[in-house]
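Have the structure open as you read.

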Amino acid sequence: MIIVTGRTAAPQEINLAGASSRGPYETVKDWISVFNDSYPEAHLTLSNVSSGAVKSALWGGIDCAINPFLDLCKDLGKDEFGTTDWGIGPVPFTASDYGNHASLQLQQLPALGRPVIPVYSKDVTGNLGLMSDPALNMTFDVIAGIFNGSIAVWNDPIIAAVNPGLNLPHEKITVFVRKDRSGMSEEFTETIRDAVPEWPEDATGNLPVWPLTNISDMSDISSPDIHHFRADGQMGIGHGLLRRPFSIGYLDLTHLGALNQFVSQAHVSNDAHPSANFVSADAVAIQKTIDGFGEMTDPMRDGSNMFQKETHKDGYPITQYLNWYIKRNYTEYEDCYQAWLLCTFIQWTY
């Protein structure tokens with residue numbers, strides 16, 4: 001039996017094959033680079049794959065004939081399947097994942113929180129081109145009303161009621177939504193449905209049927225009579241917000257940061273205090289969101305008890321959680337040091 005107590009003499013290189021979905025890929029790649037400064041023996045490879053493939057790679061589900069350029073396939077033949085030691089992605093393990101791969105003793109742990117942010121063009125609040133932010137508040141009733149078309153102008157009484165200090169314009173709201181399949185759309189619409197039960201079920205998911213009338217593609221963006229558009233990805237929504245005044249969509253922080261002279265984020269009511277506490281998606285709020293999420297997680301269990309809901313009163317309420325995927329069965333690792341090094345890496349990221 002090999003017993004590892006703390007860091008001991010290690011082989012020159014310890015291989016730990018990993019995979020990441022596209023969202024957190026650059027962040028995780030940076031983590032690996034910095035971690036290697038302290039643990040140069042750690043050879044953590046990272047393949048950039050789809051959300052579903054991150055999970056299936058744990059049990060050898062990557063067909064290297066189709067994906068020969070992935071890091072985990074570089075040393076394998078084209079008729080072989082790639083297997084990872086760890087992964088990170090937004091899709092929780094399902095009951096069938098746990099059941100079909102019980103021998104791996106799968107476990108998921110909270111890794112990151114990515115906010116999904118309602119964003120609007122700054123002409124709505126009169127600060128276009130400026131870095132100032134007068135804070136436009138939105139309850140989930142407001143968000144649902146805008147994205148189902150029942151709230152059509154910016155000075156609608158429902159919006160004005162939660163923004164008493166703003167002189168909102170009597171201008172039609174132009175709405176941009178994603179037309180591609182998206183985890184961001186899924187988190188956005190599921191959170192709306194949790195808060196507003198009347199939100200349609202078919203308008204929830206990664207490819208929602210948006211309850212907007214006369215919705216068009218971006219080819220019609222110059223038409224002044226059309227106010228509901230389907231855009232391709234976050235870049236498409238950002239492009240639309242720049243093209244059309246008095247518009248709204250949803251983005252993550254990275255894309256918002258690139259547009260912050262022209263686009264601002266709505267402050268969203270937290271479920272814990274729906275009418276009194278409006279929260280922006282900043283580093284503090286996201287950290288509190290993850291802290292609250294972590295408090296619900298039992299590290300001695302497989303992670304199937306993790307809730308995809310934010311409960312901290314100062315946390316950001318529309319947050320897509322990203323999960324670590326690992327295998328607890330020690331026989332899946334070459335030796336105790338390899339297993340210890342992986343646990344050390346994950347612990348280090350916190």
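Helices here are DSSP runs of H or I with at least four residues, strands are runs of E with at least two, and both are numbered from the N terminus. With that in hand, Phe 246 sits in the loop between α7 (233-243) and β12 (247-251). Keep in mind that this is a predicted model. Phe 246 isn't a glycine, yet its phi is positive, at about 55 degrees. Its relative accessibility is 18%, so Phe 246 counts as buried, given that the cut-off is under 20%.

Asn 214 is another non-glycine with a positive phi, about 50 degrees. You'll find Asn 214 in the loop between α6 and β10 (215-217), and with a relative accessible area of 54% it is exposed.

## Helix α6

How far apart are the end C-alpha atoms of α6? They are 18 Å apart, which agrees with the 18 Å that 13 residues (183-195) should span at 1.5 Å a residue. At the start of the helix, a side-chain oxygen of Ser 182 comes within 3.0 Å of the backbone nitrogen of Met 184. Buried residues in α6 include Met 184, Phe 188 and Ile 192.

## Aromatic pairs

The whole structure has 20 aromatic pairs. One of them, Phe 176 with Phe 229, is stacked, with 5.4 Å between centres and 20 degrees between planes. Phe 176 is in strand β9 and Phe 229 in strand β11, so the pair ties together parts 53 residues apart in sequence. Phe 176 is buried at 0% relative accessibility, and Phe 229 is buried at 0% too.

Key:
Residues numbered from 1 in each chain as written. Predicted model: local features only at pLDDT ≥ 70, side-chain atom pairs only at ≥ 80, totals over all residues. Heavy atoms only, no water. Expected span 1.5 Å × (residues − 1). Buried < 20%, exposed > 50% of the residue type's maximum accessible area, 1.4 Å probe, protein only. Polar contact = N/O pair within 3.5 Å; in protein donor to acceptor, adjacent residues only side chain to side chain. Phe/Tyr/Trp six-rings, centres within 6.5 Å; stacked < 30°, edge-to-face > 60°.
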